[in-house]
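Subject: Structure for your review

Dear colleague,

Please find below the structure that I am handing over to you. I would be grateful if you could look through it together with the notes that come after it.

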Amino acid sequence: RGREVLVVGGSTLYLHALAHGLAPLPEPDLAIRDELNAVAETEAGRLALFEELARVDPEAAATLDPTKSQRLVRFVEVFRSTGRPASAFWRETRTPAFDVRVVVLDRPRAELYARIEERVDAMLQAGLMGEAKRLHDSGFSREKTPALRTIGYQEPLAYLAGETGYEGMVETLKRNTRRYAKRQLTWFRRRPEYTWMSAES
């Protein structure tokens, strides 16, 4: 309606979708995905899938960490279900029909990390462990639910599974969040069209 909209936060994927659109990838083929997920459970299986992807879609393979299975499975699934590489769909992306200006708030790294640690403490005080326990007790698992492999869920669920102690879980959650923030900043710096602004301005 001709108004300016301010969108704050979100992952780099959400930001990319808003500013540049997303590729029209096909709907998942769940039978193929289940088969590929079973293969991807082992390191040898992931390597075999990565080698297959490198043959059929080297452009997509070049964007992947071969030790991470979720996107690897998706890209192989796309090729097996359609006969077309995922990178071919990327070229069909439609850019949204509105102007977007991205502003990245920049703050000293030490301050950023301190704020992250405070945020993790606040999440735990607000009931993160209770939420994770309800999911765990309801039968949801990291193995079958990709959302539970994200930062903020995977660490509490590892604690509930007896894989780590509580203090170790808290430190891992803080460390993983710091690393995620660092990856986001690296991603932002690859976009020369983004505007950087001091968070203190």
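The notes below cover a pair of packed helices and then the nonpolar cores.

This is a predicted model, in which local features need pLDDT of at least 70, side-chain atom pairs count only at pLDDT 80 or more, and totals for chains, interfaces and linings use all residues. Residues are numbered from 1 along each chain as its sequence is written, and side-chain values use heavy atoms, leaving out hydrogens and water.

Helix 2 (residues 30-39) packs against helix 5 (residues 70-82) at an angle of about 135 degrees, and their axes lie 10 Å apart. Helices here are DSSP runs (H or I, at least four residues), numbered from the N terminus. Axes are lines fitted to C-alpha atoms over the stretch in contact, and angles run from 0 to 180 degrees between N-to-C directions. In the contact (heavy atoms within 4.5 Å), helix 2 contributes Ile32, Arg33, Glu35, Leu36 and Asn37, while helix 5 contributes Val73, Arg74, Val76, Glu77, Arg80 and Ser81.

The largest nonpolar core has 16 residues, of which Leu36, Leu49, Leu53, Leu64, Leu72, Phe75 and Val76 touch the most other members. Such a core is a set of buried Ala, Val, Leu, Ile, Met, Phe, Trp, Tyr and Cys residues joined through side-chain atoms within 4.5 Å, where buried means under 20% relative accessible area (1.4 Å probe, protein chains only). Helix 5 gives the most to this core, with five residues. Another core, of ten residues, lies apart from it and includes Leu15, Trp187, Phe188 and Tyr194.

With kind regards

Methods:
Helices (H or I, at least four residues) and strands (E, at least two) are DSSP runs, numbered from the N terminus. Buried means under 20% relative accessible area, exposed over 50%, partly exposed in between (1.4 Å probe, protein chains only).
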